[in-house]
Amino acid sequence: MPARNLEAVIAATREVGDMAMARWRGEGKAVNVWHKSENNPVSDVDLAVDARLKAVLGAMVPEAGWLSEETADNSDRLSRRFMWCVDPIDGTRDFIRGRPGWAVSVALVVDGAPEIGVLYAPALDELWVARRGQGATLNGETLRASRRMIFNGSRVPADSLPKIDRDLIMVTKPNSIALRMALVADDRADLVATLRWGFEWDVAAAALIATEAGATVTDAFGEPLVFNTPRAQAFGVIACAPGIHGAVVNRLHDRAVALTADD
């Protein structure tokens, strides 16, 4: 994919982000919301953004497969070298509640790894961009991820902390997991870590942005993330300062043991 097309991806992501922004907080027209499953809301704006991105990005790289939260999956993507990995609105809960912690997430995956990542949070006026091997930027400024070496006192985006994690420091938590990972890329947080199955579309763009900024990004076991897999899922995600990655993996293990004991 020619480097010049990165600007086209950015333009497409900006276009749909601004389209969503025009509906945020009910501006112009009420947002229609329903639930795909329990505690899993979606809106007509999610679907409109998804449709527009599929049309524009699909025309840009016709040979690419497609994986999106709001499109039925097609196993045809597994035979493609290229795949668009999209979350039309990551952080839908914040979007429908009128909170700013949502973003449009677009990644181009090549041979199982993100090649381009664009994350646009219009309510925050933040545009995050990365290309593999060429670094990452926020609003045009080069990013340098957290370099913290000591686990205790690490900053983590959270609303509350379980007892086992009370040696950490809470910072503002956007609903979007991609934006939480981006906070590590911008040295506003030292770690993000989850212990649940997560979808590739949630993290593909942010994983590249954080990695290119110098963070370590893995699954909950400390293994590299792989994209365009049959399940399109990985167990957990870690994005953190390289110097505390081992401690984060150990903490997730301890947390999992504690949850099992509670059961």
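Tutor: Gladly. Let us start with naming: helices (H or I, at least four residues) and strands (E, at least two) are DSSP runs, numbered from the N terminus. Residues are numbered from 1 along each chain as its sequence is written. This is a predicted model, where local features need pLDDT of at least 70, side-chain atom pairs count only at pLDDT 80 or more, and totals for chains, interfaces and linings use all residues, while side-chain values use heavy atoms, with hydrogens and water left out.

Student: How many helices and strands does that naming rule give for the chain?

Tutor: The chain has six helices and 16 strands.

Student: What makes the chain as compact as a globular protein of its length?

Tutor: The radius of gyration is taken over C-alpha atoms, and the globule rule is 2.2 Å times the number of residues to the power 0.38. For 263 residues the rule gives 18 Å, and the radius of gyration of the chain is 18 Å, so the chain is as compact as a globular protein of that length. Along its principal axes, the C-alpha trace spans about 45 × 40 × 35 Å.

Student: Why is Ala210 called buried?

Tutor: Buried means under 20% relative accessible area, exposed means over 50%, and partly exposed is in between (1.4 Å probe, protein chains only). Ala210 has 0% relative accessibility, so Ala210 counts as buried. Ala210 sits in helix α5. Across the chain, 52% of the 263 residues count as buried.

Student: Which residues is Ala210 in contact with, beyond its neighbours within four places in sequence?

Tutor: Contact means heavy atoms within 4.5 Å. With those neighbours set aside, Ala210 is in contact with Met181, Ala185, Ala215 and Val217. For the chain, 59% of the contacts with a separation of 6 or more are between residues 24 or more positions apart.

Student: How do you know which lining residues of the largest cavity are nonpolar, polar or charged?

Tutor: Ala, Val, Leu, Ile, Met, Phe, Trp, Tyr, Cys and Pro count as nonpolar, Asp, Glu, Lys and Arg as charged, and the others, Gly among them, as polar. On that basis, the lining of the largest cavity has six nonpolar, three polar and two charged residues.

Student: What volume does the second largest cavity have?

Tutor: That cavity holds about 40 Å³ of space. Glu200, Val226 and Phe227 are among the residues that line the second largest cavity. β13 and α5 are the elements that give two or more residues to that lining.

Student: Which helix gives the most to the lining of the largest pocket?

Tutor: Helix α6 (residues 245-262) does, with five residues. The largest pocket has about 1000 Å³ of space. Of its 45 lining residues, Lys173, Ile177, Arg180, Thr194 and Arg196 lie nearest its centre. The lining divides into 20 nonpolar, nine polar and 16 charged residues.

Student: Why is Asp187 called partly exposed?

Tutor: Asp187 has a relative accessible area of 35%, between the cut-offs of 20% and 50%, so Asp187 is partly exposed. Asp187 lies in the loop between α4 and β12 (191-193). Asp187 also has a positive phi of about 60° although it is not a glycine.

Student: Is Ala232 buried or exposed?

Tutor: Its relative accessible area is 2%, which is under 20%, so Ala232 is buried. The place of Ala232 is the loop between β14 (216-218) and β15 (233-235). Ala232 has a positive phi of about 55° although it is not a glycine.

Key
1 Å grid on protein atoms, 1.4 Å probe; cavity = no way out; pocket = protein on both sides within 12 Å on 5 of 7 lines; lining within 4 Å. Points joined across faces, edges and corners; volume = space filled by probe spheres on them.
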